[in-house]
Amino acid sequence: LKDTLAGLLVLRIVRLFRLARIIRLMIVFKTLWMLVRGLLGSAGTICYTMSLITVIIFMFACMSLELVTKKYRDSDIPEISFLVANHFSDLPVTMLSLLQFVSLDSIASLYFPLVREDPFLILFF
């Protein structure tokens, strides 16, 4: 009789540990759910901001094709002609290069040779 009661006591303790683990996980899921709900609630703002950045980058890419590409495509300086050919050749590549400016990803290698050649471009960059 004592052995059966001890077995039941062990079974009860195991069930209590399972219940404690489930309660602990529910607390973690509550925090996770709050994070997911906040992210989904801000999805509209994130999409609006992303579309606004895309429009601004598109406008500056069109300006850059006029200010940089047309002027320096056939430059005598090989560094500048290489830079224009690789980073300002057409609209999608120029938009990608300007996205590099937005994220501040090694932008000095892009604008420094161009600004050194034409100081007026400092206003653009």
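Predicted model: local features only at pLDDT ≥ 70, side-chain atom pairs only at ≥ 80, totals over all residues.
Ser 106 is partly exposed, with a relative accessible area of 46%. Ser 106 sits in the loop between α4 and α5, and its phi is positive, at about 45 degrees, although Ser 106 is not a glycine.

- Most residues other than glycine have a negative phi.
- Leu 104 has a positive phi of about 55 degrees and is not a glycine.
- Leu 104 also belongs to the loop between α4 (91–102) and α5 (108–117).
- Leu 104 has a relative accessible area of 64%, over the 50% cut-off, and therefore counts as exposed.
- Ser 106, in the loop between α4 and α5, has a positive phi of about 45 degrees.

**Helix α5**

- Helix α5 spans residues 108–117.
- Its buried residues are Leu 110, Pro 113, Leu 114 and Val 115.
- The cover over these buried residues includes α2, α3 and α4.

**The crossing of α2 and α3**

- Two packed helices are described by the angle between their axes and the distance between the axes.
- Helix α2 covers residues 43–72 and helix α3 covers residues 78–87.
- Their axes come within 9 Å and cross at roughly 130 degrees.
- The crossing of α2 and α3 is left-handed.
- From α2, the contact is made by Val 68, Thr 69 and Tyr 72.
- From α3, the contact is made by Ile 80, Ser 81 and Val 84.
- By class, the contact of α2 with α3 has 4 nonpolar residues, 2 polar residues and no charged residues.

**Cysteines**

- A disulfide is a covalent bond between the sulfur atoms of two cysteines.
- The structure holds 0 disulfides.
- Cys 47 has 54% relative accessibility, over the 50% cut-off, so Cys 47 counts as exposed.
- Cys 62 has 31% relative accessibility, between the 20% and 50% cut-offs, so Cys 62 counts as partly exposed.

Conventions
Residues numbered from 1 in each chain as written. Heavy atoms only, no water. Disulfide = S-S within 2.5 Å. Buried < 20%, exposed > 50% of the residue type's maximum accessible area, 1.4 Å probe, protein only. Axes fitted to C-alpha atoms, helices over the stretch in contact; angles between N-to-C directions. Helix = DSSP H or I, 4+ residues; strand = E, 2+ residues; numbered from the N terminus. Left-handed = near helix turned anticlockwise from the far one by under 90°. Contact = heavy atoms within 4.5 Å. Nonpolar A, V, L, I, M, F, W, Y, C, P; charged D, E, K, R; others polar.
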